[in-house]
Amino acid sequence: MEKPVVSVVKHTETYRSLRRALELCDGLRDFRRDDRILIKPNLVAWDFDLPFPPYGVVTTTAVVFALVRILCEEGYSRITIGEASLGIEGSITKDIYRTLGYEKLRAKYGVEIVDFNEDEFVRLDFEGLELSVAKKALEADKVISVPVLKTHNQCKVSLGIKNLKGCLNRQSKMRCHGKTAELDHTFPLLAEKLPLALTVIDGIYALAKGPGPTGKAVRKDILVASRDALACDIVGAALIGYSADEVEHLKFFARRRQRSTALSEIELRGEPLENNITPLEYDWEWTEDNTGPEGFRKRGITGIAVRKYDSTLCTSCSKLFNPMLILLMSAFKGEPFPGIEVVTGKKQLASPGFEKTVLFGRCAYQQNKDNPHIKKAIAIKGCPPDLREFEELLRKEGINCDYNAYVAYRQYLYNRYLEKDGFSMDLFDGERLLAGA
Ligand code: SF4
């Protein structure tokens with residue numbers, strides 16, 4: 001059997017580098033001129049209130065725009081870009097499109113820009129799990145997944161296959177983080193339902209401790225492309241230090257397709273892999289007795305046990321987990337906390353022996369509302385929970401978190417990316433990019 005081909009190309013000038021990546025893997029070989037092409041970037045998050053460094057978190061606008069330009073130059077005119085970004089209040093896809101200048105693609109290339117959240121979804125059976133998939137993605141003749149090269153605190157890596165989860169509606173995304181459904185065994189099934197024809201991994205920036213902006217980005221300047229989704233992700237994972245065999249969703253997908261996860265079964269073209277590997281950690285270190293992040297222990301924070309989140313914590317809640325830790329840190333003034341446990345997600349059960357138990361989110365509340373071990377519940381019942389409410393309810397219990405400490409932390413995260421180190425918002429500025437094209 002022919003080996004799948006994956007190209008790895010150094011990023012210099014985006015359009016040229018991407019062209020080379022596509023040529024090396026013959027990326028458009030199976031595309032027909034009248035195909036309806038759906039590009040799915042990763043625009044998972046943005047923050048319109050606090051500083052938001054997008055590096056390694058969302059696909060650079062430069063790569064998406066270069067891809068559109070190449071497709072148009074090659075004679076493909078039926079192009080749609082689709083995403084379903086969610087904020088606390090609801091869809092933020094259009095706001096992200098606007099911020100990144102995607103709307104300009106409509107005027108220049110006639111691209112259709114779609115917020116899946118506002119479009120139709122089709123309910124499909126995923127081996128007993130019902131998920132609603134964006135109709136536009138299902139109706140496309142070819143889907144192009146354009147993820148970022150990043151780690152993921154639950155899935156280890158989040159690449160082309162994981163990026164498809166953004167084609168689900170809100171409820172279905174949550175269902176993937178179910179009590180019984182194993183996250184790593186849900187979203188890979190999307191790669192079988194959708195006509196996924198090409199993956200382009202945007203590795204201009206890569207992200208450690210992803211998937212959100214509390215991770216740490218590095219400038220990596222690499223592009224990876226393949227017509228073979230699994231092979232592309234195997235190579236992407238290797239570039240940030242992970243063998244596919246340690247990434248459950250890749251192993252699972254390979255097993256289903258009766259495929260190998262070995263790099264030796266892939267034909268690599270372009271840059272040699274071994275010269276381009278940057279190992280990136282995927283998660284924060286936790287204490288052995290599961291009382292909180294190592295950072296808490298190092299700061300001498302005691303009297304509190306924040307249980308490590310599991311895969312049942314869905315994206316909306318997990319985005320708030322790190323901020324919640326920062327708020328708790330801000331309440332620490334050298335004295336031990338008064339015996340607090342924090343539980344999250346759909347499975348964690350409060351333990352005996354604590355004075356107060358924080359039930360972070362509706363799921364943790366539902367799971368523990370009748371738990372006899374709880375002496376005093378501090379229930380943040382929102383879905384997702386509200387950090388201001390968290391601050392308020394803890395204050396009532398004498399624990400003074402300071403939301404401003406979180407604001408300062410966000411500013412710090414933003415400020416640490418300097419232009420001299422290759423971090424530039426220019427790569428996300430669609431208007432500027434089109435003016436220079
Ligand atoms: S409470 Fe959190 S984990 Fe539960 S469904 Fe809502 S966002 Fe997901």
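Visitor: Where is the place of Lys209?

Guide: Welcome! This is a predicted model, in which local features need pLDDT of at least 70, side-chain atom pairs count only at pLDDT 80 or more, and totals for chains, interfaces and linings use all residues. Residues are numbered from 1 along each chain as its sequence is written, and side-chain values use heavy atoms, leaving out hydrogens and water. Helices (H or I, at least four residues) and strands (E, at least two) are DSSP runs numbered from the N terminus. By that numbering, Lys209 is in the loop between β10 and β11.

Visitor: What is the phi of Lys209?

Guide: Most residues other than glycine have a negative phi. Lys209 is not a glycine, yet its phi is positive, at about 50 degrees.

Visitor: Which residue does a cis peptide bond join to Gly210?

Guide: Most peptide bonds are trans. Here the bond is cis, with omega about 15 degrees.

Visitor: Which elements give two or more residues to the shell around the ligand?

Guide: A residue counts as near if one of its heavy atoms lies within 4 Å of the molecule. The residues around the ligand include Met174, Lys346, Arg362 and Cys383. Giving two or more residues to this shell are α12 (315–330) and α13 (362–368).

Visitor: How many residues of domain 2 are in contact with domain 1?

Guide: An automatic or database domain assignment sets the bounds, giving domain 1 (5–282) and domain 2 (294–401). Contact means heavy atoms within 4.5 Å. On the domain 1 side there are 15 residues, and on the domain 2 side 16.
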